[in-house]
Amino acid sequence: MSEKRRDNKKRILRTGESQRQDGRYAYKYIDIKGKTRFIYSWRLEETDKLPKGKRPCEALRIAEKRIQEETDKGLIPDGDGLTVVELVERYASQKVGVKTKTKLAYEWVIRYLEKDDFGYVKISKIKQSDAKEFCMKLQNEGKKSATVKSFKGVLKPAFQMAIDDDLLLKNPFCFKTNTIIVNNSQKRVALTDDQEKNLWITYRTAAFQYTMMLSIFYCIRV
């Protein structure tokens, strides 16, 4: 009878679990596509303390439970490991024949996400509250509400693609933008007939005065 594997705290490790020399835990599993995957954590159980100087992370056995639940629902566990920026890049790469303006919008969002921490969060970790906070952060940085809506206009269909690919169950960007940000974009108001007439008169008067000034200038020079 083989001896059960244990961690450095003498706890029995389950099938697929292991602990590395640096103390980090690993879990090996096969996803629904038959691909071997690994997840890592500095904590085995949720009650374990995080080692000093290490980034906060999900306990390994909590992650294992989540992966099993996702697999039971027919999802590819952990969102196939994709980050937000990787998802948007994949989405943009499949949009062929789009207008130049739309293509530039995709590139703009990707460049921003490459520089922001939000872009490197795994899509399986993004909750609706996270998506809302991201949109609010954009406006707090000084971006107009129309710009925030443009960001959401790229992220929402990208996450919908993840749902269609069985990576996620819900779209965190399914919410109305005007419920969380202030509409600070300048609205274009159509001129009334009188306003348009007065504007035209003002323009003609200014043009006439400018012409007269040029005539006087040339007369003086001559």
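By salt bridge I mean a side-chain nitrogen of Lys or Arg within 4 Å of a carboxyl oxygen of Asp or Glu. Glu141 is partly exposed at 43% relative accessible area, and Lys137 is partly exposed at 27%. On those words: buried is under 20% relative accessible area, exposed is over 50%, and partly exposed is in between, with a 1.4 Å probe and protein chains only.

Before going on, the basis. This is a predicted model, where local features need pLDDT of at least 70, side-chain atom pairs count only at pLDDT 80 or more, and totals for chains, interfaces and linings use all residues. Residues are numbered from 1 along each chain as its sequence is written, and side-chain values use heavy atoms, with hydrogens and water left out.

Back to the salt bridges. How many does a search of the whole structure find? The number is 15.

One of them joins Arg61 to Glu17, with the closest N and O atoms 2.9 Å apart. Arg61 is in helix α1 and Glu17 in strand β1, so this pair ties together parts that lie 44 residues apart in sequence. Helices and strands here are DSSP runs numbered from the N terminus, helices being H or I of at least four residues and strands E of at least two. Are the two partners buried or exposed? Arg61 counts as buried at 12% relative accessibility, and Glu17 is buried at 2%.

Next, Arg66 and Glu58. Their side chains meet in a salt bridge at 2.9 Å, N to O. Arg66 is buried, at 17% relative accessibility, whereas Glu58 is partly exposed, with a relative accessible area of 27%.

Last topic, the backbone. Most residues other than glycine have a negative phi. Which residues here have a positive phi without being glycine? Lys10 is one of them, with phi near 70°, and Asp80 is another, with phi of about 60°.

Lys10 sits in the segment before β1, which covers 17–19. Lys10 is exposed, at 63% relative accessible area. Asp80 is in the loop between α1, residues 60–72, and α2, residues 84–93. Asp80 is buried, with a relative accessible area of 18%.
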